[in-house]
Amino acid sequence: MLLLQLLLDGIQSGAVYALMAVGFAIVFGMTRIFHYSHGATYLIAGYGFYACTSVFGLPWYLSVLAAIVLSAGFGALVQLLVYRPVQRDAGSFFTVFVASFGVGVVVENLLAMMFGSGFLSVTSPLSRAQPIMGLYISQLGMIIVGTAPLIFLALNYFFDRTSVGLALRGLADNPDLVTVYGLSAKSLFLIALVLGSLLVVPAAVFQTITAGLTPSAGHRVMLISLAATIIGGIGSLRGAGLGGLLLGVAESLSFWRLPAGWSDAVTFLILLAFILLRPSGLLGQKVRV
Amino acid sequence: MVNYFANLVTVTGISMILAISLNLLIGYAGIFSMAHAAFYGVGAYVAALLALHYTAELTLAVPLAMVTCAAASLLISLPALRVRGEYFVAASLGLQVIAFTVFEQWHSVTGGLSGLIGIPVAELFGYSLASPLAFMGVTIALVALVALAVICLLRTAFGRDLRAIRDDETAAAAAGKNVAVIKSIAVAISSALCAVAGVLYAFNIAFVNPESFTLNLSVLVMAMVIIGGAGTITGPIIGAALIQCLPAALSWLPLPPQNIGYLQQILYGLAMVLLMIYRPAGLMGKARSKG
């Protein structure tokens with residue numbers, strides 16, 4: 001029974017990880033930007049949600065809306081104010097990464113200054129676990145496990161059927177060709193950043209209600225997104241989603257046999273095993289070895 | 001006052017060793033490592049354990065820590081460097097997290113969160129280095145040695161191979177260079193040099209715990225290298241000095257003490273962003289050519 005409960009918890013956090021990993025994979029796969037401030041987007045959405053509910057006393061749906069607007073706006077700002085100037089004369093992978101990292105550091109510490117470095121959380125009746133057939137499930141957990149597949153279906157439709165989605169996939173394959181066809185790479189980059197940023201909102205809201213937020217949580221979000229992207233295979237969005245789910249389940253199952261402090265190490269042992277044995281990931285294209 | 005000054009110089013010197021050794025990777029080999037704090041930690045724990053259980057002799061602690069770190073680095077670099085650069089970033093991040101978990105959870109050896117206390121005073125050829133001035137002298141000497149080692153290394157054929165790989169990996173491979181092996185050796189050397197800083201840290205503070213070897217420190221060292229100028233000899237030294245002196249300068253501002261740490265980090269985060277936009281080569285690096 002304990003194992004089943006852990007599996008269930010793992011699917012919950014796995015759904016959340018999958019969403020944020022796909023967000024990172026969209027940015028990384030389509031634009032090749034190593035978007036380290038993905039973690040910062042998560043913090044902005046989470047603290048935005050917290051401030052709206054607990055400080056300003058707004059109802060939850062307005063707070064979620066605020067989190068959505070904040071994270072999309074932040075994604076757009078980072079692209080316009082940081083990535084675009086850095087890349088104006090062929091900024092390397094490295095320079096973009098450092099700039100993104102710098103943004104992450106600034107956001108983390110600004111939030112720490114404003115909200116303190118301790119845990120903050122929003123209490124909600126939704127997060128209380130209800131016993132169902134001997135297993136403990138919260139309504140919030142059910143909501144998240146229910147919405148994640150819907151979001152993935154929508155993304156699937158977007159990338160397979162809409163012209164913007166197809167253009168984004170083209171951008172991933174051959175950025176020069178996309179420009180030749182008369183599409184603006186600049187606006188596609190912006191769309192990728194905004195879309196990627198939106199996908200951390202469910203994760204941020206869910207974590208704020210269940211586990212709570214700290215300013216240093218951004219690094220962990222980034223680490224998990226990156227690990228899931230590599231496990232799934234760089235360039236594959238479905239892979240990143242699967243990778244996130246796998247990491248969530250593995251992390252939760254690790255509580256079965258290992259002390260709580262080891263769960264992060266389990267995540268990265270899985271990552272190292274993939275890099276060692278199968279660098280192309282679950283669904284990625286073959287990587288030169 | 002003299003002791004305060006000596007300690008400040010020692011701490012700055014330790015940062016310089018960290019920055020110089022990381023610069024070998026970032027600046028000359030084009031490898032982005034986020035695990036520098038982990039190797040620093042391994043060096044510190046090796047020195048602490050050796051001193052607590054056997055001897056506080058630096059001539060023994062430094063080589064032992066260097067060999068341990070070099071060996072540990074091969075564990076991750078051999079698999080990760082076979083594939084593209086992003087994988088090494090991920091693998092080193094993973095290693096950093098795993099190392100912290102091990103420092104924190106392996107109570108019987110590392111003492112867990114409370115760490116190892118009461119590390120005896122370091123000795124050099126049997127002479128005790130109890131005075132902060134003497135320890136400062138040893139630190140300065142080691143900074144010079146590490147810098148010299150890097151300068152000499154870069155003048156050898158190996159150093160040229162490294163820069164060739166950084167500039168064009170495919171061309172270097174086409175010229176018959178075994179890219180993965182050369183990169184792995186560079187990571188091993190960098191980790192070994194980083195271990196020197198760890199040993200000095202452990203003896204200087206006489207106490208080690210996992211909190212000193214977090215991802216934040218890896219970030220800080222990276223900031224030193226990048227702000228100073230990756231790929232230059234003087235850059236990391238200047239960067240380390242600047243970042244070490246920043247908290248002292250900020251403490252003059254009328255701010256609540258807990259905010260100084262945050263403000264310091266905000267400033268170097270901002271510096272990283274602005275430098276990447278306007279001067280990607282860092283303060284000491286060549287300015288971007290126009291055109």
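Helices here are DSSP runs of H or I with at least four residues, while strands are runs of E with at least two. Keep in mind that this is a predicted model.

**Exercise 1.** Work out how much of residues 37-54 of chain B is helix, and how far apart the span's end C-alpha atoms lie.

*Solution.* Start with the record: an unreviewed UniProt entry annotates residues 37-54 of chain B as one of its transmembrane regions. Next, look at the fold: the span is 94% helix and 0% strand. Finally, its end C-alpha atoms lie 25 Å apart.

**Exercise 2.** Check the length of helix H2 (residues 36-53) of chain B against 1.5 Å a residue, then decide how enclosed H2(B) is.

*Solution.* The expected span is 1.5 Å times one less than the number of residues. With 18 residues, H2 of chain B should span 26 Å, and its end C-alpha atoms are 26 Å apart, so the two agree. Now for burial, where the cut-off is under 20% relative accessible area. Of the 18 residues of H2(B), 14 are buried, so the rest of the structure largely encloses this helix.

**Exercise 3.** Describe the second largest cavity: its volume, its lining and its main contributor.

*Solution.* First, the space: about 50 Å³. Then the lining, which includes Ile20(B), Asn23(B), Tyr28(B) and Pro236(B). Helices H1 (2-29), H6 (132-155) and H11 (234-250) of chain B each give two or more residues to this lining. H1(B) gives the most, with three. By class, the lining of the second largest cavity has seven nonpolar, two polar and no charged residues.

Technical notes. Residues are numbered from 1 along each chain as its sequence is written. Chains are lettered from A and ligands numbered from 1 in the order in which they are written. This is a predicted model: local features need pLDDT of at least 70, side-chain atom pairs count only at pLDDT 80 or more; totals for chains, interfaces and linings use all residues. Side-chain values use heavy atoms; hydrogens and water are left out. UniProt positions are given in the numbering used here, feature names are shortened, and annotations may be inferred rather than shown by experiment. Buried means under 20% relative accessible area, exposed over 50%, partly exposed in between (1.4 Å probe, protein chains only). On a 1 Å grid over the protein atoms alone, a cavity is a set of points where a 1.4 Å probe fits but cannot get out, and a pocket is an open set with protein on both sides within 12 Å along at least five of seven lines; lining residues have an atom within 4 Å of a point. Grid points are joined across faces, edges and corners, and a volume is the space filled by probe spheres set on the points. Ala, Val, Leu, Ile, Met, Phe, Trp, Tyr, Cys and Pro count as nonpolar, Asp, Glu, Lys and Arg as charged, and the others, Gly among them, as polar.
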